[in-house]
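Here is a predicted model, taken up through its labels.

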Amino acid sequence: MTWSVEFSPLFSWTVIAILAVPAVILALALLAARMRGALIRVVAIAAILLALVNPVVLEEERDPLKSVVALVVDRSQSQTIEERTAQADAAEAALKESLARFPEFEVRTVEARSGATPGDDATTALFGALSGALKDVSPARVAGAVMITDGQIHDIPAEAQALGFDAPVHGLITGRADEFDRRIEITTSPRFGLVDEDQTLRYRVVEEGPQASDTPVEVQVFVNGDLVSREQARPGSEGALTFQLPRAGKNILELSVARDPEEITPVNNRAIAVVDGIRENLRVLLVSGEPHAGERTWRNLLKSDAAVDLVHFTILRPPEKQDGTPIDELSLIAFPTRELFVEKIDDFDLIIFDRYQERGVLPSLYFDYIAQYVENGGAMLIAAGPEYAGDESVAMTPLQSILPALPTGGIDQQAFHPELSELGRKHPVTRDLPGAASEPPDWSPWFRSIDVEEPRGETVMDGPDGKPLLVLDRVGEGRIALLLSDHEWLWSRGFEGGGPHVALFRRLAHWLMKEPELEEEALDAEASGTDLVITRQTIGEDPGPSTVLTPSGGAVTVPMLAAGDGRWEGRLATEELGLFQAANGELRALANVGPVNPREYREAISTEEKLAPLAEATSGSVRRLGEDVAVPRIVPVSGRADANGRDWIGLRTTEETVLRGVERIPLFAGFLGLAVLLLALSATWYREGR
């Protein structure tokens with residue numbers, strides 16, 4: 001309970017000042033003249049003025065406020081190393097038990113987990129958590145903060161003033177003092193590169209702790225999960241790695257350094273770089289047979305794509321035709337058959353035969369070269385017309401060994417709507433083609449198809465009476481596509497509304513080029529916020545659950561749910577940052593959640609050095625927990641007293657209070673005020689009467 005005096009004037013201070021000035025002058029004059037009874041008159045004047053300002057005695061009832069202690073527990077991923085989690089749990093329990101003996105302290109416990117902000121890889125933000133815990137507390141009430149951590153804190157303020165309070169910060173460090181760790185870091189890496197071209201990456205192996213040395217260690221290099229190289233690296237020295245990107249789009253390059261049995265964790269023995277692959281212009285060789293209504297369809301489509309370098313030859317006249325035309329006038333340039341199909345065939349990414357038939361232009365041996373080109377990883381598309389069913393069909397050449405379907409000799413001339421097969425509704429080349437959902441499909445009909453025997457590849461589109469129309473197949477390391485109609489040009493001309501020829505033929509070309517997003521059996525994983533989304537593409541049935549290997553080495557089973565024709569999806573809510581590996585059957589996929597190579601794993605050795613300067617500036621302390629987790633005693637301190645000792649840590653107490661009630665007692669109110677005034681006036685009259 002506290003007492004105080006305040007004034008509650010009966011008039012404004014201006015009015016009181018106007019009355020007080022002559023009263024004071026009168027009082028001074030009386031005192032200066034030394035008149036009899038002057039002192040009594042001055043007291044009377046003072047009593048009247050005091051009554052006007054109305055003094056009030058306040059009786060306040062206040063309760064003392066508790067000092068707030070912030071207990072910050074580091075729950076980041078580096079705290080899972082060895083026995084750090086157990087040490088932190090034991091220290092937290094011991095501190096809470098010790099603090100419970102002091103009723104003047106209010107304890108606020110906050111757990112700080114790994115996190116990241118855009119453009120920042122500082123993943124252990126204990127001071128951000130501390131600020132959040134004390135945001136509603138007056139700085140004068142903060143007793144201090146105790147942090148249980150491994151010392152790898154990434155948001156330590158540069159100055160103590162940035163804390164927003166004047167109280168000690170103490171650190172209790174988990175982990176061992178003699179820890180040893182080996183890690184690998186990528187120092188420079190390209191963000192993108194040309195497919196199948198040499199790229200350079202620089203990296204460094206770092207060893208910390210008493211066992212650190214400069215003995216070379218093995219580094220394995222993986223590209224999209226496949227081992228491509230083994231390197232020798234000397235710790236502390238920077239190494240250079242030359243690699244090639246196997247595909248366009250996202251590529252994950254992973255470097256893994258050999259583990260030492262003495263190191264505290266193998267998690268940071270891996271480092272990754274995400275490199276976007278860019279394919280050079282697609283080099284296409286287009287060979288057209290005799291001129292026909294749709295001859296320029298393929299040419300126009302390919303020429304409209306700036307990413308395509310096209311070489312186009314049209315066979316206008318077979319060599320055996322005798323019409324008297326001089327040989328040197330048969331073409332603008334000679335058809336360089338040997339140069340194209342022998343010397344430079346491997347320079348092409350795709351070969352297209354559009355209604356081509358064997359009429360002696362290409363020697364039979366060259367077709368054998370083309371077959372070998374496909375088997376060795378090349379791509380080929382045959383747009384078949386009536387010639388494919390005749391005696392001069394390319395099916396009668398050495399290409400026969402790689403063709404997915406052989407002609408029967410029949411040609412169907414009835415009108416039909418191309419339709420997706422059951423397999424085609426799942427295949428990424430034809431799935432979701434515009435207009436395919438209606439029955440019949442919302443595109444124009446075709447009027448001719450070539451009959452073939454039972455195909456050995458994947459039939460994704462059907463012609464009349466369910467006959468194969470578009471067949472895809474793998475041959476050796478390459479791919480081939482067979483379109484069994486020459487009426488695709490009707491779609492490009494807009495006949496009866498046309499059809500999705502651009503979408504279909506571009507997807508077809510990209511599938512032949514082995515673009516990952518068009519693989520019929522594929523697994524993909526990507527981060528969506530803190531979730532890992534796993535997508536499985538299949539033309540089969542339910543692929544079953546996927547298995548995810550987390551950065552810390554744990555395995556999690558993720559169920560896959562149907563997400564449309566041929567697509568299955570699973571989602572895993574993660575609490576870890578780093579590289580996740582997903583597997584489904586024989587397929588693997590990699591995805592990084594959070595920053596690439598976060599500091600949370602790059603710096604795994606527990607340390608007292610980072611927190612020590614701030615603790616010293618706040619009169620706090622930093623000490624390492626022992627194997628038996630001996631937590632120092634808690635000692636309340638006041639003012640600027642020392643806040644740490646050999647086996648104790650100090651927390652400041654506050655003098656802050658909260659007002660519970662106020663009682664006001666006016667001194668000149670009622671009979672008391674009247675008695676004082678009458679006494680003063682009576683004394684004056686009494687003195688004058690003598």
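Q: What counts as a helix in this model?
A: A helix is a DSSP run of H or I with at least four residues, numbered from the N terminus. Gln87 sits in one of these, helix H3, residues 84-99.

Q: Why is Gln87 called buried?
A: Its relative accessible area is 11%. Buried means under 20%, so Gln87 is buried.

Q: What makes Gln87 and Gly175 a polar contact?
A: A polar atom of the Gln87 side chain lies 2.7 Å from the backbone nitrogen of Gly175. The cut-off is within 3.5 Å.

Q: Why is Phe7 called partly exposed?
A: Phe7 lies in strand S1, residues 2-7. Its relative accessible area is 48%.

Q: What makes Arg84 and Asp150 a salt bridge?
A: Their side chains meet at 3.0 Å, N to O. The limit is 4 Å, so the pair qualifies. Arg84 lies in helix H3 and Asp150 in the loop between strand S5 and strand S6, so the bridge ties together parts 66 residues apart in sequence. Both Arg84 and Asp150 are buried.

Q: How do you know that Glu254 and Arg270 form a salt bridge?
A: The closest N and O atoms are 3.5 Å apart, and the rule asks for within 4 Å. Glu254 lies in strand S13 and Arg270 in strand S14, so the pair ties together parts 16 residues apart in sequence.

Technical notes:
Residues are numbered from 1 along each chain as its sequence is written. This is a predicted model: local features need pLDDT of at least 70, side-chain atom pairs count only at pLDDT 80 or more; totals for chains, interfaces and linings use all residues. Side-chain values use heavy atoms; hydrogens and water are left out. Helices (H or I, at least four residues) and strands (E, at least two) are DSSP runs, numbered from the N terminus. Buried means under 20% relative accessible area, exposed over 50%, partly exposed in between (1.4 Å probe, protein chains only). A polar contact is a pair of N or O atoms within 3.5 Å; within protein, one must be able to donate a hydrogen and the other to accept it, and residues adjacent in sequence count only if both atoms are side-chain atoms.
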